[in-house]
Amino acid sequence: MAAKSIYTKLFGRALLSFSSRTLYHSSHTLSTMASLSAHILIRAANRELEIPTGLFINNEFVPSADSPNDLIHLVNPATEETICSVVAGSVKDIDIAVAAARKAFNTTWGKNVTGFERSKLLNKLADLMERDQDILAEVESLNNGKPFKIARDFDIGDSIQCLRYYAGWADKITGQTIEVDNKTKLAFTRHDPIGVCGQIIPWNYPINMWAWKVAPALACGCTIVMKPSELTPLTALMLSKLIAEAGFPPGVVNTIPSLGSVGGVALSTHMDVDKVAFTGSTVTGRKVMEAAAKSNLKKVSLELGGKSPQLVFESADLEQAANWACLGILYNTGQDCTAGSRLYVQDTIYDKFVSLLVSKAKELVIGDGFDEKSGGGPLVSKTQFDKVWRYIESGSAQGAKLALGGQKRPGKGFFVDPTIFTDINANMDIVRDEIFGPVLAVGRFKTEEEAISLANDTSYGLGAGLHSNDANQCMRVSSALEAGTVWINQYNLLNNNVPFGGKKQSGIGRELGSYALDEYTSVKAIHWNFGEKLDWPL
Amino acid sequence: MSSSFTYQFDTPAYKGTSTVPTGLFINGKFVEPVEKGTIEVLNPVNGKVITSVAAGTAADIDIAARAAKKAYKERWGLKVPGMQRGRMLNKLADLLQANADEFSALEALDVGKTFGVARNSDIPGSIAVLRYYAGWADKIQGKTIETNEKKLAYTRHEPIGVVGAIIPWNFPLTMLSWKIGPALAAGNAVILKPSELTPLTALRLCPLLVEAGFPDGVINIVNGYGSTAGQALSEHMTVDKIAFTGSTLTGRKIMEAAAKTNLKKVTLELGGKSPSVIFDDVDLEQTVKWVSHGIFMNHGQACTAGSRIFVQAGIYDKFLKAFTEHALSLKVGDPFARDTYQGPQVSQTQFERIMGYIKSGKEDGATVHIGGERHGNEGYFIQPTIFTECKPNMKIVQEEIFGPVAAVIRFTTEEEAVEQANDTLYGLACSVFTRDIDRAIRVAHSIEAGTAWINCHNSTELSVPFGGFKQSGIGRELGEYALEHYTNVKAVHVNIGHRL
């Protein structure tokens with residue numbers, strides 16, 4: 001019941017004052033009992049939506065089994081107003097969801113259904129997501145803050161493709177036949193689904209991360225207990241409804257909004273969860289792996305933090321390099337694990353490039369996600385806002401020079417404008433730590449060797465970018481950069497068929513592409529003796 | 001120059017001299033450990049000291065890690081083409097081949113396994129693994145991935161970096177080859193910690209590593225205890241991956257250490273309690289031989305040991321009779337005598353642990369069908385032991401014993417057999433014996449294990465992946481699959497015309 005008291009403490013005041021709010025009216029929040037849906041007004045579209053707010057188990061929305069009064073209250077980060085609340089899943093609820101997933105795995109999913117059938121259902125789900133893309137984008141924008149159009153055209157557009165991509169893999173999960181001895185033995189491998197997967201996803205791309213996790217797991221035949229971020233669970237619940245509509249058998253996908261310290265811990269320590277796939281912070285990733293080590297040695301894949309470098313060499317197309325660099329650090333308001341947050345520029349072009357960069361970064365409008373002019377939204381929460389500001393203040397305090405930004409905005413909303421620091425050194429917090437906001441640290445280098453050494457001077461290894469017009473240099477530098485993804489003359493654009501994941505402390509395992517299938521299958525080798533007679537004793 | 005010891009073999013199976021260096025092998029040279037500690041190596045036949053070898057600690061692991069990182073960056077990894085790495089691995093295999101008798105004798109002396117098994121299985125198996133991965137070294141490939149006309153995407157399967165390998169005492173040279181074969185083929189540098197119980201063949205190999213041409217620091221062999229050297233390796237911030245074979249308990253600690261330090265990648269090959277399922281329609285004579293091989297091979301000291309033997313009711317009595325006769329025919333004794341099948345268990349600790357399980361089986365109400373006692377009165381010998389009347393909740397049915405102790409259990413239906421076979425936390429291996437092709441496939445597919453043998457057991461192939469489901473481990477060794485665990489995938493996105 002610890003969770004309950006935390007909620008009351010954190011949100012009691014918001015609940016009391018809620019009745020006076022009308023903008024995002026939710027019909028149930030006055031009651032202390034959880035209701036299983038909420039009405040939300042999307043003012044920009046003049047649309048009222050009814051969205052599910054219960055726990056999704058066995059294709060039904062249900063209240064918590066043992067803590068009906070625990071709610072998670074959701075805030076619009078652009079206005080700081082409460083949107084509605086959803087049921088907060090307890091440890092018991094995770095247990096029930098895992099049991100549902102296990103039952104489905106053993107009876108209606110996993111090896112009980114053909115890849116062809118799984119493929120059909122995934123394609124159907126993609127169709128439904130496409131049908132609902134506008135309302136999904138509206139709720140994503142409302143809850144996460146990102147611009148509606150970006151949510152629809154990038155987050156959701158890409159997620160639909162991801163589902164279709166893995167739909168195509170579902171009937172192509174193949175093993176190997178291995179020649180051993182033509183006279184006596186045949187060996188072959190089966191790539192079995194791992195089983196029940198716990199999936200813990202972050203708040204920066206709620207729908208997109210959902211698709212990255214759900215699509216390969218379902219294609220391989222796994223069942224899922226999904227824990228969306230407690231900050232942004234609404235679209236995961238809407239997608240759960242589509243899961244039922246698409247015709248997935250009950251229990252194949254279960255969704256339990258919950259705090260990380262409750263639901264996340266319960267999933268990571270659960271003895272009947274065969275795998276946990278996690279995207280989030282390195283600190284939490286360690287805990288997930290440690291819990292796996294101490295419980296049932298569940299398999300773990302981790303997509304964690306980054307402090308990704310971008311290198312701009314003197315031969316680069318500076319105009320383009322500046323555009324990509326801006327996209328690298330400012331896309332999603334910097335709330336991106338691959339954010340290109342360290343930029344190193346060759347000294348011969350440094351002054352020219354930095355002024356170009358600053359002028360381009362200035363052009364980005366950060367505002368309400370429903371405002372047509374907004375290219376970026378607010379940060380997701382007060383906690384993130386405060387954290388990012390602590391870093392900005394530390395940058396100044398530690399001697400870096402502000403080339404752009406650094407002024408707090410008045411009024412409501414967790415808005416932070418593009419911020420660029422120059423005159424950095426390797427020991428500054430803004431150079432070492434992941435900030436997860438629109439804050440760029442710009443340094444300079446003389447030689448290629450120095451650039452590589454600066455770029456690799458980090459405990460992370462998620463992304464890296466380089467801008468150069470010298471083909472040999474591109475090949476040399478991309479090889480030397482210690483990162484799971486390297487962009488050459490580009491940044492931050494991913495493709496569903498290209499693997500994604502971290503080196504060093506940025507993670508374990510790969511998502512996307514055919515590589516992700518390895519993370520959701522367990523290899524069984526079958527040795528078939530058809531002619532070897534054993535002499536005994538040896 | 002560090003010290004060495006010389007052993008004179010004068011046995012019926014092998015006569016000859018072996019000289020083994022006893023220091024730590026770091027950066028291509030033997031050195032004394034920083035803390036000057038030593039570990040006594042005992043002969044399991046009689047418990048007497050064979051020699052003392054250097055005991056590495058955290059300080060030595062640190063030196064080795066720096067040497068390995070430097071070698072990786074300057075003289076190995078992406079600096080050396082796969083073809084050259086393959087040549088060195090083949091050369092190492094040649095050198096082992098030329099000294100196969102001596103290595104077999106050392107392995108038999110140190111582990112207590114028979115010279116014949118070491119000579120016919122362990123050593124040639126290790127050589128074959130090195131050759132197999134030598135062939136892979138120039139075939140590490142990524143993919144080119146079609147995206148659109150304005151982007152070229154491709155993947156590189158880069159070496160991970162510095163790999164810590166921690167290996168057990170039951171198959172010392174074989175486990176060494178399973179680790180260093182794929183690690184070196186893929187271009188990683190290695191720090192290998194042999195078991196403190198059985199370091200001799202790993203130490204004897206070091207001069208051959210130099211002769212094979214591996215640059216200094218590419219392979220470092222640091223003997224030491226798990227709680228010091230093993231722990232230090234697992235926690236080291238410069239070690240990019242740990243490959244471990246051993247107990248589930250230690251495997252957890254390694255994964256926990258990785259989680260708390262630099263999130264190094266981890267592969268674990270852990271314990272098992274593997275079932276053999278025997279149906280009424282089998283070829284009895286062959287089945288008995290394979291099942292015996294399953295549980296008694298290497299004195300039961302195999303992680304895939306077929307230690308739970310499920311027999312269908314219709315053949316139960318006949319099987320038990322034939323199995324008993326076979327088990328009684330196994331000669332226990334001197335590993336260097338030509339007719340010995342089973343030598344001693346590896347250590348006093350293991351001996352006591354196994355005898356403890358036998359005691360618990362008796363106390364829990366299982367019947368000692370044969371064996372159940374110590375063999376002889378010195379060394380760590382145990383009689384091949386068969387328990388009957390076993391119940392699912394008994395410790396001898398639930399826990400890994402790692403000794404020559406079989407639990408025989410009767411079943412009636414296929415469903416019952418599969419359910420009982422899966423009633424374990426482990427999932428390393430299983431075997432199915434039947435002539436019915438439908439049933440063979442059905443049962444092999446239903447048992448939750450990384451390896452399923454049909455009409456055989458403990459018949460591992462170097463080209464076929466090996467590893468555990470459930471709490472038997474994470475990752476796969478052998479075959480092409482092992483390469484995934486020694487490479488790091490980098491996706492390179494090249495913009496060729498997309499203007500922002």
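**Getting to know chain B**

Chain B has 15 helices and 24 strands, where helices (H or I, at least four residues) and strands (E, at least two) are DSSP runs numbered from the N terminus. This is a predicted model, in which local features need pLDDT of at least 70, side-chain atom pairs count only at pLDDT 80 or more, and totals for chains, interfaces and linings use all residues. Residues are numbered from 1 along each chain as its sequence is written, chains are lettered from A and ligands numbered from 1 in the order written, and side-chain values use heavy atoms, without hydrogens and water.

Q: What is the radius of gyration of chain B?
A: It's taken over C-alpha atoms, and the globule rule is 2.2 Å times the number of residues to the power 0.38. For 500 residues the rule gives a value close to chain B's own, so chain B is as compact as a globular protein of that length. Its radius of gyration is 23 Å.

Q: What percentage of chain B's residues count as buried?
A: Buried means under 20% relative accessible area, with exposed over 50% and partly exposed in between (1.4 Å probe, protein chains only). Out of 500 residues in chain B, the buried share is 65%.

Q: Which residues is B:Phe214 in contact with, leaving aside its neighbours within four places in sequence?
A: Contact means heavy atoms within 4.5 Å. With those neighbours set aside, the partners of B:Phe214 are B:Trp76, B:Met88, B:Leu89, B:Leu92, B:Leu184, B:Leu209 and B:Ile219.
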